[in-house]
Amino acid sequence: MKRLLILVVLIGTVQFSRAQDALSEWWFWPDYTLDRHANNPIGPRLESPKSPVAPLKYKTYPFEFFGQDPTERVEGFFPSERVPTEAFSVEFWLLYHVNQEVGIMTTYRYQHEEQDPLWLLGVYGRQVVFTLKDQESAFSSALNVEVEGRGWKNYWAHLVATYDGQSMKLYLNGELKAQMKVGKIMQYDPKVMQLENAAYLSHEPYMQMGDLLKCQRLYRQALSKKEIEKNFEDFQNLTIEGKLYPDLFHYNAGPYLQMGTPTQMGVVWETSEPANTVIEYGTSVPLTESVKLETLKSNRETGTVEGSNINQYVFKNLEPGQAYFYNIKSTSKDGQVIESGISTFKTGEVAPASFTFSVIGDTEARPHVNNRVSKLLWDERPEFLLNLGDLTDGGQEANKFQWNYEYFHAMSQLTSRIPVYPVAGNGEGDLYWFNQYHILPYKYKAYYKFTFGNAEFFMLDSNRKDQFAEGAEQYVWLEEQLQHSTAEWKFVAHHHAPYSSDEDDYGDSWKESTSMGDPEIKPIVPLYEKYGVDMVFFGHLHTYQRTHQILDNKVTNTKGVTYVQAGGAGGNLEDFAPTRSWFSAKTFRGHHYLTIEVFGDELELRMYDSEGRMKDIFKLNKSTNHE
């Protein structure tokens, strides 16, 4: 291994003591909560460490790492005199679920001198670096490893660096990847040193260090391979269960509002351990009504207490158009009590003069983007939210963490107050967790309808594309529903695209003509036209597109259907074909969300980017949209 001079940096942390042999342990979860009076952390959380605040403080210079400046730093969050150097181990548990290069580093460094740090552990993209400054060389010793593959479950990395006084070793996912003989570490004065974490996230707007680094541990000894393998297994088990923390009774999903009507509202939540629940609610605070849900039961054969982690409840006999307050209080089998905190929802009015709903799609793998969108949507105070599928990037049965760590972690601040009506995307196409986290009218089926004001919404499962063919299950169901619908406005939502200008999902548009949409979806389009569907929402493609009104596969200004592709939440952004499509009215490449206001026979759609800037506006008047 070569020796080189290298500058390095660290990542943020949340302090939480668990491992008995660890000197310290930190957990990293961004504070994804709303602002002002709606700032309501859901249940207990562990606070992230922060740099100490002083009346006057000299700012330390930042390290550049792989050509990047840090976007976030935490300095001096652990006493410098307690940082081990004679022998130590540093451990990371990382979730690298973005397509852009980002990085994180932890280092024990001089506060104000431009010298190599005593040691550092960092990762940027696929490059992992562990350096140590010993007494035998003017340069730091460095282990460099290029990560091959995508890690455990495609996105996870367990990284451990050890030093025993004679050699340094670097482990990745339980395997020894590099080692080198070194001398004694450089002598130092702890008073001029600091432990620092820094994140390098400039390629991922809004990303925080806790989106990348989930846990960091510091040990005063060099861990053995067996100990490292055991820790890796513990982290894997925690992730499989979808728990945010190992030893804290907490909510790891919800409260998640859905299926609201003028007289009812559904809610789903998940606790890290099975629990009994009391839901308190009312039209004012203090809350005057309550309901008890006893889910814990003793198993006489095993002598254990069993129960459910994921629970749901439907408030019934509510007043139309009424604001309600509610609080979920959960009690574990050993008597621990946690509360969601008081949140709000509003039932729909029977015949509102106007109403506004929001639309997002493909929330997927970027909770940092969904956090941003959630806050902007909350400022709009929509009545409800449509999610156009791919709530997760691949949150099927084996990947529960994508629901807890990514979807709910970012969205619960909004969806605990605004009800959601989702469709299933290919990301949750097996419907395993989709069914458990949603209150659906038809058991084991992900298509349904609901009514709000003078509009009816038909939510389809386009993963079952064979059911979109004439005479097939969803085709027949939709035709029956449309035939009997008396709603003034008719909206359809599903995940996949009937019409799209995407560059490569339907053929390589840079080399040939494409089908400009999914051929397996188009057989159901004649129903939209025959029964006067006004607008069809879908995602799947991570861009925005609104079409002109389309009838008989031609652009029209009367009696046509407008198709809106809104897949710009947390998915990796895609792009359009190099030439404009015949049906295209507006395209936009960037993260975005929609609001749609319905006012009698008028509709206004607005599309905003993730900075809250309006990028499209479209008005439709049913009284003038006729032959």
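**Helix 2 on its sheet.** I began with helix 2, which lies across strand 1, strand 3, strand 8, strand 9, strand 10 and strand 12, and runs at about 155° to strand 8. For the angle, axes are lines fitted to C-alpha atoms, for helices over the stretch in contact, and angles run from 0 to 180 degrees between N-to-C directions. My helices (H or I, at least four residues) and strands (E, at least two) are DSSP runs, numbered from the N terminus.

**Ground rules.** I am working with a predicted model, in which local features need pLDDT of at least 70, side-chain atom pairs count only at pLDDT 80 or more, and totals for chains, interfaces and linings use all residues. Residues are numbered from 1 along each chain as its sequence is written, and side-chain values use heavy atoms, with hydrogens and water left out.

**Confidence.** I checked pLDDT, the predictor's confidence in each residue, from 0 to 100. The chain has a mean pLDDT of 93, and 96% of its residues reach 70 or more. Over residues 1-18 the pLDDT is below 50, and this stretch has 108 contacts in the model beyond near neighbours in sequence. Contact here means heavy atoms within 4.5 Å.

**Helix 2 in detail.** Helix 2 covers residues 225-241, which makes 17 residues, and reaches 25 Å from its first C-alpha to its last, close to the 24 Å expected at 1.5 Å a residue. The expected span is 1.5 Å times one less than the number of residues. Which residues of helix 2 are buried? I listed Ile-228, Asn-231, Phe-232, Phe-235, Gln-236, Leu-238 and Thr-239. Down the axis of helix 2, these buried residues fall within an arc of 165°, so they line one face of the helix. The arc is that of the directions from the helix axis to the C-beta atoms. As a reminder to myself, an α-helix has 3.6 residues a turn, so residues three or four places apart point the same way. By buried I mean under 20% relative accessible area, with exposed over 50% and partly exposed in between (1.4 Å probe, protein chains only).

I then looked at what covers that face. The cover of the buried residues includes strand 1 (24-27), strand 3 (88-95), strand 8 (156-163), strand 9 (167-172), strand 12 (213-219) and helix 4 (401-415). Just after helix 2, Gly-242 takes a positive phi of about 75°.

Six strands form an open sheet in the order 1-12-3-8-9-10, with antiparallel pairing. Its edge strands are strand 1 and strand 10 (175-181), each pairing on one side only. The twist averages 10° from one strand to the next. I count two strands as paired if DSSP finds at least two bridges between them. Strand 3 and strand 8 pair over eight bridges in the antiparallel sense, and Phe-88 stands opposite Tyr-163 in strand 8.

Six bridges join strand 4 (residues 103-110) to strand 5 (residues 119-124), and Tyr-108 has Trp-119 in strand 5 as its bridge partner.

**Cis prolines.** Where are the cis bonds I looked up? One joins Gly-254 and Pro-255, with omega about 0°, and Pro-255 lies in strand 13 (residues 251-258). Another runs from Val-285 to Pro-286, with omega near 5°. Pro-286 sits in the loop between strand 15 (275-282) and strand 16 (289-293). A hairpin joins strand 15 to strand 16 through six residues. Five bridges link the two strands, which run antiparallel, and Ile-279 pairs with Val-291 in strand 16.

Met-259 has a phi near 50° and lies in the loop between strand 13 and strand 14 (265-271). At 14% relative accessibility, Met-259 counts as buried. Lys-559 has a positive phi of about 60°, in the loop between strand 32 (554-556) and strand 33 (562-566). At 46% relative accessibility, Lys-559 counts as partly exposed.

**Last stop, Gln-322.** I found Gln-322 in the loop between strand 19 (310-315) and strand 20 (323-332). Gln-322 is partly exposed at 28% relative accessibility. Leaving out residues up to four places away in sequence, Gln-322 touches Thr-283, Phe-345, Lys-346 and Thr-347.
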